[in-house]
Amino acid sequence: MKAVITVVGKDCVGILAGVSGCCAEYGINITEVSQSVLQEMFCMIMICDISKMTVDFSQFSETVNQYGKDRGLCIHAIHEDLFNSMHRI
């Protein structure tokens, strides 16, 4: 099973480290990362393997969302099934 995590916000030191730390804490393996800085805005998309996740996906999603809010970032974790449903025409 996979998940997509998106991160958008003002660029600062430690964003990638912080989000990947949240993933590691719950047994989530990051398999792909794409990130860029556009002017002063940080944008990142992560593809993660959640097959060995140690908590419920909704709990993880809420945790990273709150982590982002606390740091002025917009972070969303979307389960692969929902992501595929949203992008199917």
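Tutor: Helices here (H or I, at least four residues) and strands (E, at least two) are DSSP runs, numbered from the N terminus. This is a predicted model, where local features need pLDDT of at least 70 and side-chain atom pairs count only at pLDDT 80 or more, while totals for chains, interfaces and linings use all residues. Residues are numbered from 1 along each chain as its sequence is written, and side-chain values use heavy atoms, with hydrogens and water left out.

Student: Is Q39 buried or exposed?

Tutor: Exposed, with a relative accessible area of 81%. The cut-offs are under 20% for buried, over 50% for exposed and partly exposed in between, using a 1.4 Å probe and protein chains only.

Student: OK, the sheet. What's the strand order?

Tutor: β2-β3-β1-β4, an open sheet of four strands with antiparallel pairing. Two strands pair if DSSP finds at least two bridges between them. β2 and β4 (73-79) are the edge strands, each pairing on one side only.

Student: How many bridges join β2 to β3?

Tutor: Nine. E32, for one, has I47 in β3 as its bridge partner. Strand β1 (residues 2-10) is joined to β4 by seven bridges, and G9 stands opposite L73 in β4.

Student: Switching to the helices: at what angle do α1 and α2 pack?

Tutor: About 160°, with the axes of α1 (residues 15-25) and α2 (residues 57-70) 11 Å apart. Axes are lines fitted to C-alpha atoms, for helices over the stretch in contact, and angles run from 0 to 180 degrees between N-to-C directions.

Student: Why call α1 and α2 roughly antiparallel?

Tutor: Because angles over 145 degrees count as roughly antiparallel (under 35 is roughly parallel, 65 to 115 roughly perpendicular, the rest oblique), and α1 and α2 therefore get that label.

Student: Which residues meet there?

Tutor: G18, V19, C22 and C23 in α1 meet F60, V64 and Y67 in α2, with contact meaning heavy atoms within 4.5 Å.

Student: And which strands does α1 lie across?

Tutor: β1, β2, β3 and β4, running at about 25° to β3. Helix α2 lies across β1 and β4, at about 165° to β4.
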